[in-house]
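User: I'm new to reading protein models. Could you walk me through one?
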Amino acid sequence: MTDAPPATPPLVALKDIHKTFGAVSALRGVSIDVQPGETFALLGDNAAGKSTLMKVLTGVYQPDRGSIELDGKRTEFPTPSASRDQGVEMVYQDFALADNLDVRTNVFLGREPQKNILGPFLRIIDRKKMEAETKRVLERLDIPINPRLKVKRLSGGQRQAVAIGRALAFDARLIIMDEPTANLSVAKVDKLIEVTQRLKDLGIAVIIITHRLDEAFAVADRFAVMRQGQVVGRFHVGDVTEAQVAHLISHGTLDDYVDYGDGIPAERRKIGSTSSMDVVDAMATRGNTTDGSDS
Amino acid sequence: MSLMTQNIKALLGPADLKQGSAATKVKRFVGDYGILIFFALIVIFLAVAAPNFLTLNNLVNVVRQSSIIGLIALGMTFIMITAGIDLSVGSVVGLAGMTFALLAPASGGAFWLPLIVGLGVGLLVGFLSAAMVVWGGILPFLATLATMAIARTAALVITDGQVVSGLSGPAEWLGSGFIGPIPVPVIIFLLAALLCEFVLSRTKFGSHVYAVGGNEESAKKVGISTGRVLFMVYLIGGVTAALGGLVLTARLDGAAPVAGTGYELQVIAAVVIGGTSLFGGVGTIRGTVIGVLLLGVVMNGMNLMGVSSYYQQGVQGIILVLAVLLNRWKSD
């Protein structure tokens, strides 16, 4: 016991998670922890294991080995609803909304509040409560939307707000956001910064799954880089550059990286003919699009 | 448009719905209320043009004639909101009606046994369709095309193609009895419609029916058991079709194995006229009742005015096209 235990345990800690599908090892001993109110980014290529890890955290998959701790206490998420009941909510990449239904119905979809009429055996949906609660959570997010508007009439940002509002309505302590800007017409990183800041103010921890470096650097306090089913690096934003992380994502190491203070790796510098600005752009672009090239 | 303006517009909400040019407003009004207005115009026209139309007797008769298609259309509405379809309803009418006719005389005075068995037959066919759709992953159109053929075959085989006639008194009452001035089929239809309206618009299950039709993947992700919802709607469709078959048999005091042939298309037309989308996610029981009554009134009016029956199907077709065009202008 060399490390002193921290004063407050992490909100959630995944420890040494293993998961295999047939012959494929999707997760090979992954550990991450997220502090209360923290914004944490999980970076990596496609098939790096980000989604599998989050499916373990949301109770969709059961790990072959490893443990989950919540507030320092060991717990299990045998089903998606068990995970949600313990305050872990998922905001899907496509937001998982039904366009034909209004905002309040979408917020409570699958978990509609009900009230008894004519005794305990006949129960109807409590739309008044749904409307009031929807108004409340969207106000907390500072994105007011009329609860009776059909979702098909909303903009991408508003749809995202409804999806996040859904998590807030059920007292989420940790919200997992899968590629949060992928379904916005313009990559609205600014808006995402606002929303995550708002969630932080509310004391809610956020995990952002992304392959976009700019996104992770803009919103996260800390991040972990995954590659081939393992965590290959954990950083505080500010300790590393985007270019370094881009290299880490694609090569899995920071080893052949020589820091000249301008964020350009040595191997790239040898190209010579390009100006250093071009190289930085090229690196950033490569980092952003490696995911796409593999898919 | 900036996000700010969008947010403000969203905040204003209902005002947002009313925005747009005058032409858009007219369109939306026509889209929302067109069928109702059309229905009212037809009634006014017939009240003037067909002398016997606006008598209590005739109006009750219209609803009674519509009640069988109406009962089937109630279940079809649930199915179509999930973006499904049920082609087997006509065959269920034949098979359930046949079962009822075979059991009714044998059961002496009581008709509850043939009633329950008849409805059970509908439930069984609905179960087969649901099993193919949910467990087999077969498209509803094909799954119910199969149950349509199977149920019809069953109806033909159990009587060797013969007509069965002569029910016992109580069973007949289901089709030709009255409670006060109101025919029993009308009461059955109205009660069933109220129940379906309640379930679809007020309950959790009803909400999930719309969610499955709107976006099945999203519904799954939020934890709705979409398979269970789909299963239920085909069971409901089977029961309401069977109920239609029982009323038809009771009304005719007998059953033919080919009874109900072609009903599926009339029912689908009525449901679509009532505003339900074939693509799912949209539709109401209120709308379906209007659709059924509209077709009923038009048929009745043409009969009263002595229009050749040759024209009747064509007129139904024209109304269907009109309704589909109007639905495009709906405001939501």
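User: Which domains does the domain assignment of chain A give?

Analyst: Quick ground rules: this is a predicted model, where local features need pLDDT of at least 70, side-chain atom pairs count only at pLDDT 80 or more, and totals for chains, interfaces and linings use all residues. Residues are numbered from 1 along each chain as its sequence is written, while chains are lettered from A and ligands numbered from 1 in the order in which they are written. Domain bounds come from an automatic or database domain assignment; here chain A has domain 1 (12–100 + 161–294) and domain 2 (101–160).

User: How many residues of domain 1 of chain A are in contact with domain 2 of chain A?

Analyst: Two residues are in contact if their C-beta atoms, placed from the backbone, lie within 7 Å. By that rule, 23 residues of domain 1 of chain A meet 25 residues of domain 2 of chain A. On the domain 1 side, α5(A) gives the most, with eight residues. Helices (H or I, at least four residues) and strands (E, at least two) are DSSP runs, numbered from the N terminus.

User: And how many residues does the contact take from chain A and from chain B?

Analyst: 27 from chain A and 23 from chain B. In chain A, α2 (80–85), β8 (122–125) and α5 (156–169) each supply at least two residues of the side touching chain B.

User: Where is the kink in α3(B) centred?

Analyst: A bend is the angle between axes fitted to the seven residues ending at a residue and the seven starting there. In α3(B), a kink of about 65 degrees is centred on B:Tyr33.
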